[in-house]
Amino acid sequence: MEINELNPDILSVKPSALRVFDHEISEDPDIVKLTLGEPDFNVPEHIKQAAIASINANQSHYPFYWGIQELRDAASTYYRDKFGYQYTADQIVCTVGATEGLSATFKTLFRPGDGILIPMPAYPVYKAMAGINQLVPIMIDTTDTDCVLTPKQVTDAIAAHPDVTVRGVVITDPSNPTGAVYTEEQLAALVPVFRDNNIWVISDEIYGELTYGVKHYTLSKWLPEQTIIINGLSKSHAMTGWRIGFVFGPTGVIDQIAKAHQFEVTTPTSIVQYAAVEALTHGQNDA
């Protein structure tokens with residue numbers, strides 16, 4: 001069997017250069033790493049103890065593939081209080097980190113050949129996922145607008161690709177890698193162009209708690225019927241290696257995302273889910 005006989009959509013995607021570089025330099029004890037998005041603190045002690053208690057309580061069996069009820073209830077309350085999300089537990093899927101949530105969402109929302117708008121600079125995984133799913137990534141340079149996507153940039157990108165059906169956009173707020181934060185006015189201005197063009201918004205809000213005095217807003221406030229939110233505990237609670245994330249979405253669509261998630265990973269680790277309940281219930285001020 002030859003390598004070139006494998007799936008061409010996988011062969012065309014290169015490994016993350018950032019992660020390769022990070023691996024190469026991580027052995028140097030004197031270096032200050034500005035590579036991966038690792039918080040500068042460890043997992044809070046009360047969360048670690050919750051994980052240990054879960055192990056001792058033998059909470060190690062298959063959980064419901066959406067995530068345990070306690071965790072989805074806690075996520076509903078926590079993110080409502082933090083950011084104003086209006087999602088019940090039945091509109092939340094617990095995933096293996098935000099990245100798996102993105103993967104299940106890409107698979108569910110789009111068909112091969114659909115276009116997806118990706119404001120640049122961007123986290124490289126978005127373009128890679130577009131390629132793996134046979135989508136057309138339309139890269140939009142936002143450096144002239146302080147790395148914030150504008151309605152004109154959206155309409156210009158659509159007009160420049162008349163043969164592509166643009167069905168999605170990724171909004172990363174706060175931005176990785178630029179750190180740009182959208183204001184309430186900037187997000188609200190995008191709503192008409194997304195609604196008029198029937199564009200799904202994948203709103204990656206994993207850095208939402210790291211805004212340093214600036215309020216975080218979410219497009220789901222104005223466009224809940226077309227917005228899928230990706231979030232998780234990697235940045236807010238330093239749980240990068242624990243791999244727990246959340247997908248929030250409208251009823252019906254979230255059920256389909258849950259199916260894609262189920263057949264990718266079955267469910268997140270049970271022990272991590274119980275620890276995440278502790279993080280969301282008693283760790284509101286950990287970040």
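A nonpolar core is a set of buried Ala, Val, Leu, Ile, Met, Phe, Trp, Tyr and Cys residues joined through side-chain atoms within 4.5 Å, where buried means under 20% relative accessible area with a 1.4 Å probe, protein chains only. The model I present is predicted: local features need pLDDT of at least 70, side-chain atom pairs count only at pLDDT 80 or more, and totals for chains, interfaces and linings use all residues. Residues are numbered from 1 along each chain as its sequence is written, and side-chain values use heavy atoms, with hydrogens and water left out.

The largest nonpolar core has 28 residues, of which L102, F106, I116 and I202 touch the most other members. Helix α5 supplies the largest share of this core, five residues. Helices here are DSSP runs of H or I, at least four residues, and strands are runs of E, at least two, numbered from the N terminus. Beyond its neighbours within four places in sequence, I116 is in contact (heavy atoms within 4.5 Å) with residues including F106, A130 and I202. A second, separate core of 26 residues includes I68, C94, I229 and A279.

I turn to the helix pair. The axes of α5 (residues 97-109) and α6 (residues 125-132) come within 10 Å and cross at roughly 35°; these axes are lines fitted to C-alpha atoms over the stretch in contact, with angles from 0 to 180 degrees between N-to-C directions. On the α5 side, T99, L102, S103 and F106 meet V125, Y126, M129 and A130 of α6.

Finally, what follows helix α4? The next residue is G84, with a positive phi near 85°.

How values were computed. Buried < 20%, exposed > 50% of the residue type's maximum accessible area, 1.4 Å probe, protein only.
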